[in-house]
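Subject: Structure handover

Hello,

Here is the structure I said I would pass on. Please open it alongside the notes that follow.

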Amino acid sequence: KRKQKFLQRYEQLTGLFSKTSGSRNKTVLGVYEGWNGVRLAMQEILKAERGTELLIYSVFIPDNILPKFRRFIKPFHEKRSEKGIECKLLLTENMRSTLGKDRRNNASTQVKFVPLEQPTSTVFNVYKDKTLIIIWSDSPLAIIIQNKELAESFKTKFNFLWKTARK
């Protein structure tokens with residue numbers, strides 16, 4: 001149902017991105033549903049070359065899916081580390097003893113924490129010219145947007161938050 005609603009607005013979104021990016025950049029959009037769909041979307045990150053920087057922020061995982069999420073995400077970060085894809089990760093403070101502890105053990109990973117003020121289960125992953133937005137729930141939804149200007153905008157926001165975050 002969420003996917004159908006999203007796809008109904010697809011033309012509006014692509015029109016908006018086309019206006020902001022002009023004719024120089026083409027916007028490519030992909031929508032993935034469920035845990036297997038999110039796994040496929042995240043595999044795109046693992047195709048990046050060694051040294052690529054992955055920025056992940058606003059990570060807050062609802063308690064009801066946290067154990068499943070931890071099992072799901074561990075192999076991804078192990079493969080990412082093996083491939084030499086650098087990761088900067090901003091977690092909400094309440095994730096320090098779970099996800100924060102998990103990720104500190106991964107090579108090529110830096111972790112910082114931001115206050116939990118308005119929790120949202122939407123996570124932003126930015127790499128190269130792509131933004132992967134994941135809404136974590138019992139049936140997660142992932143949206144990949146390939147648009148250089150959008151990715152640069154999210155990188156700027158991430159870098160601002162990174163400077164103010166705590167280790």
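Lysine 128 is partly exposed, because its relative accessible area of 40% falls between the 20% and 50% cut-offs. Keep in mind that this is a predicted model. Lysine 128 sits in the loop between E5 and E6. Its phi is near 50°, a positive value in a residue other than glycine.

Lysine 128 also has a charged partner. It forms a salt bridge with glutamate 49, and the closest N and O atoms are 3.7 Å apart. The loop holding lysine 128 runs between strand E5 (122–127) and strand E6 (130–135), while glutamate 49 is in the loop between helix H3 (34–46) and strand E2 (53–59), so the pair ties together parts that are 79 residues apart in sequence. Glutamate 49 is partly exposed too, at 46% relative accessibility.

**The other salt bridges**

How many salt bridges are there by this rule? The count comes to five. Two more of them are worth a look.

Glutamate 53 pairs with lysine 88 in a salt bridge, with the closest N and O atoms 3.9 Å apart. This pair links distant parts of the chain. Glutamate 53 is in strand E2 and lysine 88 is in strand E3 (residues 86–92), 35 residues apart. Glutamate 53 is partly exposed at 39% relative accessibility. Lysine 88 has a relative accessible area of 18%, which is under the 20% cut-off, so it counts as buried.

Lysine 74 and glutamate 78 form a salt bridge as well, and here the closest N and O atoms are 4.0 Å apart. This one lies within a helix. The two residues are four apart in helix H4 (residues 66–83), so about one helical turn separates them. Lysine 74 is partly exposed, with a relative accessible area of 46%. Glutamate 78 is also partly exposed, with 36%.

**H3 against H4**

Helix H4 also has a helix partner. The axes of H3 and H4 come within 11 Å and cross at roughly 15°. That angle is under 35 degrees, so the two helices count as roughly parallel. The crossing of H3 past H4 is right-handed.

Which residues make the contact? From H3 come Trp35, Val38, Arg39, Met42, Ile45 and Leu46. From H4 come Lys68, Phe69, Phe72, Ile73, Phe76, Lys79, Arg80 and Lys83. By type, the contact of H3 with H4 has nine nonpolar residues, five charged and no polar.

**Two threonines**

Threonine 131 is in strand E6. Is it buried or exposed? At 0% relative accessibility, threonine 131 counts as buried. Leaving aside its neighbours within four places in sequence, threonine 131 is in contact with Asn125, Val126, Ile143, Ile144, Ile145, Leu150, Ala151 and Phe154.

Threonine 164 belongs to helix H6 (residues 148–164). Its relative accessible area is 52%, over the 50% cut-off, so threonine 164 is exposed. In sequence, threonine 164 and phenylalanine 113 are 51 residues apart. In space they are 9.1 Å apart, C-alpha to C-alpha.

**Glutamate 117**

Another loop residue to check is glutamate 117, which lies between strand E4 (109–114) and E5. Glutamate 117 is exposed, at 66% relative accessibility. It is 25 residues from threonine 92 in sequence. The C-alpha to C-alpha distance between glutamate 117 and threonine 92 is 8.8 Å.

**The whole chain**

Now for the overall layout. The chain has six helices and seven strands. Along the sequence, the pattern reads α-α-β-α-β-α-β-α-β-β-β-β-α. Of the 167 residues in the chain, 49% are buried. Take the contacts between residues at least 6 apart in sequence: 71% of them join residues at least 24 apart.

Best wishes

Technical notes: Residues numbered from 1 in each chain as written. Predicted model: local features only at pLDDT ≥ 70, side-chain atom pairs only at ≥ 80, totals over all residues. Heavy atoms only, no water. Salt bridge = Lys/Arg side-chain N within 4 Å of Asp/Glu carboxyl O. Buried < 20%, exposed > 50% of the residue type's maximum accessible area, 1.4 Å probe, protein only. Axes fitted to C-alpha atoms, helices over the stretch in contact; angles between N-to-C directions. Parallel < 35°, antiparallel > 145°, perpendicular 65-115°, else oblique. Left-handed = near helix turned anticlockwise from the far one by under 90°. Contact = heavy atoms within 4.5 Å. Nonpolar A, V, L, I, M, F, W, Y, C, P; charged D, E, K, R; others polar.
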